[in-house]
Amino acid sequence: MAPGPARRPSRGASGARQFWRRLRTQRAALVAAGVVALLVLFALAAPLLTAVEGQDPTTYHPSLIDSARGGVPVGSFGGVSGDHWLGVEPQTGRDLFARLVYGARVSLGVALGATVVQVLVGVVVGVAAALGNRWIDQLLSRITDIFVAMPLMIMSLALLAIVPSSFPRPLLVALVIGLIAWGNTAKIVRAQTLTLKGLDYVSAARLSGWNTWRIARRELLPGLAAPVITYAALLVPMNISAEAALSFLGVGVKPPTPSWGQMLTAANVWYQAAPQYLLLPAGALLVTVLALTVLGDGVRTALDPRAASRLRVGTGRKREAKADADSKKATADASAEKAAADVDSKKAAADASANADASANEEGKA
């Protein structure tokens, strides 16, 4: 029995390989991805890490607090010891390492949940507006403009203040951020869908009798994957900052649930007496937001190789300049070699013509 034809790899698999190949060439994005993966690992392993330390995020340790000095931790560096790796919290004596790793679970979880809500609502509204008739498009576009114009902080403060405290606060913060800040995602998806609608393969699918839902699912959504993934990667650090701001204002995650923003709120009056209580959550927020921003820019560049990175600095520019100079030099060398070859060819042709004329003259004389 003759073997069948070799199976060709799918277009999706080939596109994924190209994406990973382009992403691997960006060292900053790879380092940022490693930092993000490490932060996620710390958040997921928070119970295990605190068990190794022997502490938890809610237990008070009054013996580690100097009440005569207003609740400052006893010992150097905020009470750092073998039992408390990063020291203890002022006034309460709660372990800072345990609260920091458990706070990572809340901050990252809220940011990812809000991003998922934003992407789902934005994709549905954007595709529906682009594929609907003129009235549906106008209605959904005006609703999207209203949500884009809404001030996120003010609306979140109002909604979070009226919801009963019995509702799970991290889930509530994620829903509020996601349901208010989906407008920009919808506008991006609508513009991209309108562009894809005019392509030949979408027109062919429409002429073949496919309904709108099938065209959207089979032809449009794969084309929307790249811009949506890129924008979602950039939304995560924005949502982390929004959660931290809401918790800092006192309407986000409530104590004793640890959150980086809530820790910053409590550390507001301790930055002089116990600076590590402020620097630890602030540093964690800075590293997380920076890593996610660099990673999102790398994903955008890998998905769209024609777009240059907005964060490429230093050695990256030198490498690009060197590559451009090498390319120009190679082009000039190739042009010079071609010109020299043309001169040699013309000279050889002239010599051959002269020899032929000389031979003809000799034969005529003979």
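Arg214 lies over the face of Trp210, 4.1 Å from the centre of the ring. The model is predicted. Two aromatic pairs are present in the structure, and its largest nonpolar core has 30 residues.

**Charges over rings**

**Aromatic pairs**
- Trp85 and Phe97 form a tilted pair, with 5.0 Å from centre to centre and 55 degrees between the planes.
- This pair links distant parts of the chain: Trp85 is in the loop between β2 (72–73) and α4 (96–131), while Phe97 is in helix α4, 12 residues apart.
- Trp85 is partly exposed, because its relative accessible area is 34%, a value between the limits of 20% and 50%.
- Phe97 has a relative accessible area of 10% and is therefore buried.
- Phe147 and Trp182 form a tilted pair as well, at 4.8 Å centre to centre and 40 degrees between the planes.
- Here too distant parts of the chain are linked: Phe147 belongs to helix α5 (residues 134–149), and Trp182 to the loop between α7 (169–180) and α8 (183–197), 35 residues apart.
- Phe147 counts as partly exposed, at 23% relative accessibility, whereas Trp182 is buried, at 6%.

**Helix α2**
- Helix α2 (residues 27–44) has 18 residues, so at 1.5 Å a residue it should span 26 Å; its end C-alpha atoms are 26 Å apart, in agreement.
- The buried residues in α2 are Ala29, Ala32, Val36, Leu39 and Ala43.
- Seen down the axis of α2, these buried residues fall within an arc of 85 degrees, so they line one face of the helix.
- An α-helix has 3.6 residues a turn, so residues three or four places apart point the same way.
- Arg27, Val31, Leu41 and Leu44 are exposed on the other side of α2.

**Nonpolar cores**
- Within the largest core, the residues with the most contacts are Ile240, Trp260, Met263, Tyr277 and Leu285.
- At least two residues of this core come from each of α1 (11–24), α2, α4, α10 (212–248), α11 (260–266) and α12 (275–303).
- Helix α12 supplies the largest share, nine residues.
- Leaving aside residues up to four places away in sequence, Trp260 touches Leu100, Gly103, Ala104, Ser107, Pro281, Ala284, Leu285 and Thr288.
- A second, separate core has 14 residues, among them Leu160, Ala174, Ile180 and Val253.

Definitions and conventions. Residues are numbered from 1 along each chain as its sequence is written. This is a predicted model: local features need pLDDT of at least 70, side-chain atom pairs count only at pLDDT 80 or more; totals for chains, interfaces and linings use all residues. Side-chain values use heavy atoms; hydrogens and water are left out. Helices (H or I, at least four residues) and strands (E, at least two) are DSSP runs, numbered from the N terminus. The expected span of a helix is 1.5 Å times one less than its number of residues. Buried means under 20% relative accessible area, exposed over 50%, partly exposed in between (1.4 Å probe, protein chains only). The arc is that of the directions from the helix axis to the C-beta atoms. Rings of Phe, Tyr and Trp (its six-membered ring) pair if their centres lie within 6.5 Å; planes under 30 degrees apart count as stacked, over 60 as edge-to-face and the rest as tilted. A charge sits over a ring if NZ of Lys or CZ of Arg is within 6 Å of the ring centre and within 35 degrees of the ring normal. A nonpolar core is a set of buried Ala, Val, Leu, Ile, Met, Phe, Trp, Tyr and Cys residues joined through side-chain atoms within 4.5 Å. Contact means heavy atoms within 4.5 Å.
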